[in-house]
Amino acid sequence: MPSNLPTTLAVSDAITHYRQLRELSCDELSYVLSMLGYTLSSDAIAAVENRERPVTVDDLVAISYALGTSPAVLLTHIPIDMPAPEGPLASGLPADVEPLELRAWAEGRTALDPRSRIGWWQDKVSRLRVLSMHYEEQLQGAYEEIRELGELALQEADAPPVQVLQSRIRDGEYALHQADLALATAEQQLEALRGEA
């Protein structure tokens, strides 16, 4: 019976994804592994991809190298068709660890103790504030340009320069909205972590 543990789901989907991205069949990946001195049959690779066989640490390292990626990438992969997770992204971790935090932890760039997590989220909040201010400045610049055009912008609404400016405004409003949502979410997460500490 296939495993539904989050790390198994991530690794099996990642191996399939990167194998297909490299345009390799399971037989071809098995051959590449054998040329690297590691034996793993195509049936075993298919079983790993179907979550019918657990991937060993040795498999993970060899497959990562053969696919031109790293174990951290395979371990922290988020399947594109994965529904919103109800639990942690990786086995045994807190449920509120986000994908970028998970990747940073897997790569040894952060820890998951309370103090490190608070630091991680403080940094994220700071970066999102800067991003939000950048989008706000860009948007204000585009608004100013459209105001300077005045009546011409209304009369020539279908002129390419006006359409480009209106498109910049729409894109800027969307980007600012997304950045503000991400900032609000990050601030909530930071407050929750501070409350737990």
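Let's start where helix H6 passes helix H7, in a right-handed crossing. The contact there is made by Leu100, Glu101 and Ala104 on the H6 side, and by Arg117, Trp120 and Trp121 on the H7 side. Sorted by class, this contact has 4 nonpolar and 2 charged residues, with no polar ones. Keep in mind as you look around that this is a predicted model.

H6 covers residues 99-106 and H7 covers residues 114-149; their axes come within 12 Å and cross at roughly 125°. An angle over 145 degrees would count as roughly antiparallel, and 65 to 115 as roughly perpendicular. H6 and H7 are therefore oblique to each other.

Now follow H7 to its contact with another helix, H9, which spans residues 160-196. The axes of H7 and H9 come within 8 Å and cross at roughly 160°. H7 and H9 are therefore roughly antiparallel to each other. Their crossing is left-handed. By class, the contact of H7 with H9 has 22 nonpolar, 6 polar and 10 charged residues.

Next, turn to H2 and H4. H2 is made of residues 26-35, and its axis comes within 10 Å of the axis of H4, the two crossing at roughly 100°. That angle makes H2 roughly perpendicular to H4. Which residues meet here? From H2 come Leu29, Val32 and Leu33, and from H4 come Ala62, Ile63 and Ala66. The contact of H2 with H4 has 6 nonpolar residues, with no polar and no charged ones.

Rolling a probe the size of a water molecule over the atoms shows where empty space is left. In the largest pocket, that space comes to about 200 Å³. The lining has 15 residues, and the closest to the pocket's centre are Thr7, Val11, Val55, Leu60 and Leu75.

Which helix gives the most to this lining? H1 does, with 4 residues. By class, the lining of the largest pocket divides into 9 nonpolar, 5 polar and 1 charged.

Note on methods:
Residues numbered from 1 in each chain as written. Predicted model: local features only at pLDDT ≥ 70, side-chain atom pairs only at ≥ 80, totals over all residues. Heavy atoms only, no water. 1 Å grid on protein atoms, 1.4 Å probe; cavity = no way out; pocket = protein on both sides within 12 Å on 5 of 7 lines; lining within 4 Å. Points joined across faces, edges and corners; volume = space filled by probe spheres on them. Nonpolar A, V, L, I, M, F, W, Y, C, P; charged D, E, K, R; others polar. Axes fitted to C-alpha atoms, helices over the stretch in contact; angles between N-to-C directions. Parallel < 35°, antiparallel > 145°, perpendicular 65-115°, else oblique. Left-handed = near helix turned anticlockwise from the far one by under 90°. Contact = heavy atoms within 4.5 Å.
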